[in-house]
Amino acid sequence: MALDLNQIPALPAKTTFVLHLILITWGVQGRWSPDSYLFYNIIFLGCVLWAMHLTENEKPAQLAISVNLATVCLDIVTIYCYFPSSFWLSEIFSVICALANVVLRFVTLSVLSRMCIDSSNGATDGIPPPLQNYISRGTANPQTYEDIDQPPQQQAPSNAPFFTPYR
C-alpha cells in the first residue's frame, strides 16, 4: 500500500500552526526537555509563519518543509535521549505532547506542500523531488502540453558575428 499524503484532510495552515504552538508549549513544560528542543521548534514556527505570510513565493514553504523534516529527526532523537526517568504525571503529559507534535508534523508536511504547490501555480517543481511521488497537485490535467508527434520548429540561422557554423 503506497503512502499518499493527499488523502489527509486539508487543514488550514493557521490551525496547524496553533496546534504546534500548543503542543510545543506543553512539551517544554516538563523538566526532561533540553533548551535545544525549544530552540529548533521556535525556528520551525518562524518558518511556518514566514510561509503563511509570503504565499506568492514558494521558497519560504520549501524552507519550512526542510526544517519540518529536520525537526522530525531532532524530535525523535531528543525524546529518545532525554526521556524522563521519573514518571510524574506532568512529565508523562509533556512527553505525550512532544510525541503528538511529531505526529502532527506529518500533517503539517502535507499542508506546507499544498502551500508550496499553490504558490508555484500548480506545478510540482516547488516540491522537493523525494516528496513528489507522495504529493501531487490533485489534478490529472497537465499545465502545459507538448506535442511529441511533430518535429520541433527550426529557427532560421542568424548572421550574428559570433555565429560560425562548423562544416
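User: Why is Phe 93 called partly exposed?

Analyst: The model is a predicted one, in which local features need pLDDT of at least 70, side-chain atom pairs count only at pLDDT 80 or more, and totals for chains, interfaces and linings use all residues. Residues are numbered from 1 along each chain as its sequence is written, and side-chain values use heavy atoms, with hydrogens and water left out. Buried means under 20% relative accessible area, exposed over 50%, and partly exposed in between, with a 1.4 Å probe and protein chains only. Phe 93 has a relative accessible area of 42%, so it is partly exposed.

User: What makes Trp 26 and Phe 93 a tilted aromatic pair?

Analyst: Rings of Phe, Tyr and Trp (its six-membered ring) pair if their centres lie within 6.5 Å; planes under 30 degrees apart count as stacked, over 60 as edge-to-face and the rest as tilted. For Trp 26 and Phe 93 the centres are 5.5 Å apart and the angle between the planes is 55°, so the pair is tilted. The pair links distant parts of the chain, with Trp 26 in helix H1 and Phe 93 in helix H4, 67 residues apart. A helix here is a DSSP run (H or I) of at least four residues, numbered from the N terminus.

User: Why is Asn 68 called buried, and which residues does it contact?

Analyst: Asn 68 has a relative accessible area of 1%, which is under 20%, so it is buried. Asn 68 lies in helix H3 (residues 59-81). Leaving aside neighbours within four places in sequence, its contacts (heavy atoms within 4.5 Å) include Phe 44 and Arg 105.

User: What makes Arg 105 a charge over the ring of Phe 44?

Analyst: The rule asks for NZ of Lys or CZ of Arg within 6 Å of the ring centre and within 35 degrees of the ring normal. Arg 105 lies over the face of Phe 44, at 4.5 Å from the ring centre.

Note on methods. Helices (H or I, at least four residues) and strands (E, at least two) are DSSP runs, numbered from the N terminus.
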